[in-house]
Amino acid sequence: MPQDPAQVETFTVGDEVTGSFRCAECDLLVTSPTENDGVLVLPACPLCHSESWRRVGA
Ligand SMILES: [Zn+2]
């Protein structure tokens, strides 16, 4: 399948990330903490239980 450069990279539960992410389903915003080197381990969405997240553009 060809790569679409406009496609937003998605992340899933358990990924260690930094920055801000929105739930792929309900758009809930989560942001990595400022402590612990700013690493956030992505949870399942607390609202809709989706396991997919997309990075919020800086
Ligand atoms: Zn959600």
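Two strands count as paired if DSSP finds at least two bridges between them. Strands are DSSP runs (E, at least two residues), numbered from the N terminus. By that rule, strand S3 (residues 20-23) and strand S6 (residues 52-55) pair in the antiparallel sense over 3 bridges. Phenylalanine 21 stands opposite arginine 55 in S6.

This is a predicted model; local features need pLDDT of at least 70, side-chain atom pairs count only at pLDDT 80 or more, and totals for chains, interfaces and linings use all residues. Residues are numbered from 1 along each chain as its sequence is written.

S3 also pairs with strand S4 (residues 29-31), antiparallel, over 3 bridges. Here serine 20 has threonine 31 as its bridge partner. S3 and S4 form a hairpin, with 5 residues between them.

The faces of S3 differ in cover. Phe21 and Cys23 are on the covered face; Ser20 and Arg22 are on the uncovered one. In a regular strand the side chains alternate between the two faces of the sheet.

Most residues other than glycine have a negative phi. Aspartate 27 and histidine 49 are tabulated below.

| Residue | Phi | Loop | Other C-beta atoms within 10 Å |
|---|---|---|---|
| Aspartate 27 | about 75° | between S3 and S4 | 11 |

Conventions:
A residue is buried if 20 or more other C-beta atoms lie within 10 Å of its own, exposed if 12 or fewer, and partly exposed in between; C-beta atoms are placed from the backbone. Helices (H or I, at least four residues) and strands (E, at least two) are DSSP runs, numbered from the N terminus.
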